Every structure is written in C-alpha cells, then in structure tokens.
Amino acid sequence: MSGASVKVAVRVRPFNSRETGKDSKCIIQMQGSSTSIINPRNPKESPKSFSFDYSYWSHTSPEDPDFASQSQVYNDIGKEMLQHSFEGYNVCIFAYGQTGAGKSYTMMGKQDKDHEGIIPQLCEDLFEKINDNNNSDMSYSVEVSYMEIYCERVRDLLNPKTKGNLRVREHPLLGPYVEDLSKLAVTSYTDIADLMDAGNKARTVAATNMNETSSRSHAVFTIVFTQKRHDVETDLCTEKVSKISLVDLAGSERADSTGAKGTRLKEGANINKSLTTLGKVISALAEVSKKKKKSDFIPYRDSVLTWLLRENLGGNSRTAMVAALSPADINYDETLSTLRYADRAKQIKCNAVINEDPNAKLIRELKDEVTRLKDLLCSQGLGDILDNLKEIQNSKHKYKLASGNQRPGHFSTAPVGSLTASPSSTLLNNQAGIQSVSSLQERIMSTPGGEEAIERLKESEKIIAELNETWEEKLRKTEAIRMEREALLAEMGVAIREDGGTLGVFSPKKTPHLVNLNEDPLMSECLLYYIKDGITRVGQADAQRRQDIVLSGAHIREEHCSFRSDKNQNGEVIVTLVPCEGSETYVNGKRVANPVKLRSGNRIIMGKNHVFRFNHPEQARAEREKTPSAETPVEPVDWAFAQRELLEKQGIDMKQEMEKRLQEMEILYKKEKEEADLLLEQQRLDYESKLEALQKQVETRSLAAETTEEEEEEEDEEYNS
C-alpha cells in the first residue's frame, strides 16, 4: 500500500429549489469515470473533461439505471476503506464542495431508510464485522471522538463539560493532536449513533442564500479501532490500531452568491481561508508526487484543519476524497473550481503502513523521552524538584490521575501537574526539607530551558497515562461523561430514559415534578423540573447559593422560593412550597407568604410569567378513585386556566372588567366623534364663506365688464353721428 494515490470520486446532486426557481440548466455530463462540464457562457466551446476513480450520477431519480444511490457510494469507497482499517492502516474520507453541494448528505445522510451516509453505514458495518468474528483469540475495541473546527477554533462536540476552545498541540512522536479532546469507548453501533446524533445537534449551522442548513464548520469524526490478537503458542499479545478519520468540510463559497453579511461573512472568510490552505497543501503535495519540483515547505500550519489532517494528506494514511458538485449553470465557477481541486488531489501519493502494536512502541519511546527530560533537569540542578513536587502532590490528592487510576509500573502525571499547586503552610512545616512551590518555580524560571523541559515532561507523562488506561477505565470514563450529559439535560428540564434515548419530556412514575404551562399550546409541557429529596431551590442564576431551578425575569428574586420533599409516618412523600420573603408566588391563584403543602395538579405561578403545574404521580394514583376536590379542576389545566384562576382569586371579574373597558371605549369613541363632527362643521362653514366671497368677486367683475361695454357703444354712436 506504500505510495498509493488518494482515491477521488465526484458526485452530482439534483437541482435544489433555488436552482429550479431560476430555471437552471444542467452543465455536468458523466460517462463511466469521466466527468465533463459545459461552459454556459460559451456553449460552442468544447466541454472540459476530468477523469476520476468514480463519477457518481445522482442528478436524476432512483428509477434512472445510471442513478448512484447512497449505498453504491458506500460500497465503492466506504467498504474499501473499512477493509483497510481491518488490515491495520489509517484511513481518511473527506467531502469537499461548495455550499449546498451535498457534502453533509454524502457523509452523514438522513435517518430515513436508504438515505444513510458513509459515516453511519461504515460504523454499522464495522460492528457487524466485529460481531461476526468467531476467533476467541481476537478481541476488538472502538473509541470515538467528534470535533468541529469553527473559525479556526476547535470545539469538542461530545463532552458537554468541555467549555471554550481546545488547544492544538504537536508532539515529537504523535505529531499534531487536540489536547483534552474526549475519546469515548463504545461497544455497539447504537452507542455510536447516539454520540453522532448528540454531536450533530451541537454543530454550527446557519442559513445562506445557497443552503438553508449550511454547515459553518469543519466536522471531524474519528474512530480509533484496535484489534488485539493473543498468540497461544508464545503467550504474547499483538495489536493493530487503525485511526479512521471521517471529515465533513464546510462549504466553499463566494460572498455574493451566499448573501453573506456580518457574522456569516466572517465565518465564510475563515472557511475559505482553511480551504484555500488545504488547496495549497494539495497542490504542493501534487507537485512533489509528480517530481516536477522539490518543495521543502508544505504550509500545513497555516490552518488548523490542514495541521490536524497532516498525516491524512500525503502521510501514513489511505485517503479518499468525495467532491460534491452542483449541476446548475448558475454555479459554473464554483463547480469548475471543485473539479480542478479534485483533479489535483488525485495526484497525491500517501505512504500508508500497517500500524502494528503502536502502543508498546509509543510507550517505550515516551518513557525514553521522559528519562531524557529528567536527566536534562538533573544536569541543570533541578532533579530534586521532581521528588519534592511528587511528595506535595501525593499529600494533597489534587489530580485525578494521581489518585484512583494509578497502577504498578505505570507513569503518573502527578509530578508535573502539581507545578501550579499551592501547598499549605502546615504541609510545608511537616515535610522537612521540602521547598515552597514559589521558590521551585523561581528556580525553574531562572534555569535556561527548564520551563520548556518541565512542560514537555508534563505533556509526555499525560499521554503515557492515557495510553496506560485499561478498556474498563475507558468505559467508566465514557459512562461518567454520559451521566454528566444527562445531569446537564436534567437541569434544563429534559428527561432521559434509562436506555439512553433522548425523548424530550416524559412523566416520571414516582418522582414529584413541575411542568411548564405556556400561552402557546405547542410550548406547554416542554420543560420538566424534578423535585428532589430534601430542598429544591428556585431563583436566579446569579444568586449567592446555587439554585436547582434557575428562572429569570423582573419579578423573580435571587432566592425566590424552595420545595421541601419529606416522608411522613406512612412513608408518603409530602412536598411543601416555602416562599421567600417578598416573593410573588401563587398557588391555585392565591398569593402565599407561608409554607403550603402541594397536591398533584396544583397550579403554581412564580413572578408574573412563569406558570407551572405540580405533578405527584404516587399521590395522583392514590386519589384517582376519589371525587376531585375544589382545588383539583376537572377541566384541562393549561395556561389560560391558570391565568383565569389567578384573576378570579384576586377578586377580578373578567366580565365586569370587559364591560367596563367597553364602556370606556364607547365614551372615548363618542367624544372623538363629536370633536370630528365639530371640526367638520367648522371646515364646512369656512368653505361656504370662501365660496360666497368668490361669488361676490365674480359678480363685481361681471358688472364692471358690462359697464365698460355700454360706455364703448355710446362712444361709437357719437363718433358715427
């Protein structure tokens, strides 16, 4: 496999609504593996032809015998790459094309049958092959990570605990990697599908003129596939580790075509920057492969995307590229650019090798690196720092890897992680001869190269700790992250069933809880808040004490109220609402200032806008056969019911209020009508007076004209006589 070229495929999609609305014409032609494009500005010009490994015609309907379906694309590209991963090679599949060309559809697809993309089909096929294995000496493990590169910043899509952007670092042995990127262990396709779904919901998408759900970030879904074989004769275990990188690039675009402004324009600039850098890297690698020129510099570092994909572009990887094309004449420039991009990519040569047991080799090299760095520190007179800091760390137990995950013969990050710790004065007094951390840091800073050596030592030991994790520890870590995700969702009122499926809001069978009521029926009962055992506090996010249910608004106090859940002598759970002093809290329309025992179905209003219904499943089952009391309404309890109840209990008669308001409006109408009639009458009188004046003026002028004519006639008669 050494020296194999990048496998390149192109795929043309059907017209979208925008292109259909502009009566676009198809300018793409495919014949076998050849693809041609016609210049719509000069139809007489001969078409430009390109040859690729695969040319997929998906422009027509599935009834067309030449139509390329999702399964055909996967069978040609995905299955081959999956087979390479079982052989022990690193593999990469990435999709490129303009905005709205069908990259995400090809890679991820839809959840409908026969519409799954390469990524879900490959993951499903991977576990089918694993489950079909009957060799007891073979064992498999699968870990996944999912990240997005948005505006040149890396974000973890799977770990909700990770806040902000992750650092991209480079190790002398591992090469570029993302620090603290979660790598989750999975045991079935269902696990992967759930993680993919969670990651896709967290991706950055936005609407442009060319695509309503345009991916505004590069998404990299990575599968680390490990195969362990136990040799019975020698009692040795060997490993093959394959890294499968599945990349959905953001769409290349022109600002005038997408209508990008403001944030969308800034996003587009960053997208085009990374894709331009990718183009430069591909061109440089193509030149090297053709031996036309020796390029000592390939600009991997100009973009986070190319830096992380360095091994997949001309390195240790079997790589395939899918170029997505638009068939419309209005996208001629973008489509031609994509074809030229793909034509350069197929000239790249990759030097893929089988990854035989990399962990053992890597750990050995890392240990040598750690030993070399320790020797370097000792030679500079800093050797005692490591021992001192180790003792400080063991007594403080500040870092996780130094506490629960230590195993004999494994390295720890404790000596380095404790550089930033501040031991107490009591600890220093009890440990004779141990220097303060500040003095140790001063020595490190004053020694040439000391700080860099400590940082490198920290990095190497952290990687060793990750490599030494057992499969059980990785599963425990994955389970812990899943529990954190569920806890965050529970805080937001989104419930999760025990099987892990996200179902939005559903009613628990035992736990008392609140559900929201909204003026919009579609927004009602969309949030659920559990009333936990003990005290459940309600208030604002900036309160001094942490609030279990966080609300906002002008009438919500920092600590608004609390719910107390206790058991009585019969073992029944009793929930009591305890309002805080001065808070506006209403139960069944009545404002409460003292603790109130709640019953299932009670309506609770906090402030002016937050309306809830209290549900107590066990209490409701016990009282189901009883006659509903006055406090438990027979009609549906919705937002309108709660508001009407609030008004009635506050002594406000809606009918009287409406009649009073109607009378006020009638009086106002009559007053305005009288004023308008008076104004109209005044204007009429003004017009009549002006009209009379004009008539008088006309009569005066007519009389004067007649007098002049008579005088002229008399003069003529006198002259003639």
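Asp-23 lies in the loop that connects α1 (17–21) with β3 (28–31), where helices (H or I, at least four residues) and strands (E, at least two) are DSSP runs numbered from the N terminus. The model is a predicted one, in which local features require pLDDT of at least 70 and side-chain atom pairs pLDDT 80 or more, whereas totals for chains, interfaces and linings use all residues. Residues are numbered from 1 along each chain as its sequence is written, and side-chain values use heavy atoms, with hydrogens and water left out.

Although Asp-23 is not a glycine, its phi is positive, at about 55°. Most residues other than glycine have a negative phi. With a relative accessibility of 64%, Asp-23 is classed as exposed; the classes are buried (under 20% relative accessible area), exposed (over 50%) and partly exposed (in between), for a 1.4 Å probe and protein chains only. A positive phi, near 65°, also occurs at Asp-180, a residue other than glycine. Asp-180 is located in the loop between β11 (175–178) and β12 (184–186), and its relative accessibility of 47% makes it partly exposed.

Helix α4 comprises 14 residues (118–131) and extends 20 Å from its first C-alpha to its last, close to the 20 Å expected at 1.5 Å a residue; the expected span is 1.5 Å times one less than the number of residues. The helix is mostly covered, with ten of its 14 residues buried, including Ile-118, Leu-122, Asp-125 and Ile-130.

The axes of α4 and α5 (residues 189–202) come within 9 Å and cross at roughly 160°. Axes are lines fitted to C-alpha atoms, for helices over the stretch in contact, and angles run from 0 to 180 degrees between N-to-C directions. The two helices, α4 and α5, are therefore roughly antiparallel, a class assigned to angles over 145 degrees. The contact (heavy atoms within 4.5 Å) involves Ile-119, Pro-120, Cys-123, Glu-124 and Phe-127 of α4, together with Tyr-189, Ile-192 and Met-196 of α5. Among these α4 residues, Ile-119, Pro-120, Cys-123 and Phe-127 are buried.

Strand β21 (residues 534–539) pairs with two strands, pairing being assigned if DSSP finds at least two bridges. With β23 (residues 559–567), the pairing is antiparallel and covers six bridges; Val-538 stands opposite Cys-561 of β23. With β22 (residues 549–550), β21 runs parallel and is joined by two bridges, and here Gly-539 faces Val-550 of β22.

Notes. Angles under 35 degrees count as roughly parallel, over 145 as roughly antiparallel, 65 to 115 as roughly perpendicular and the rest as oblique.
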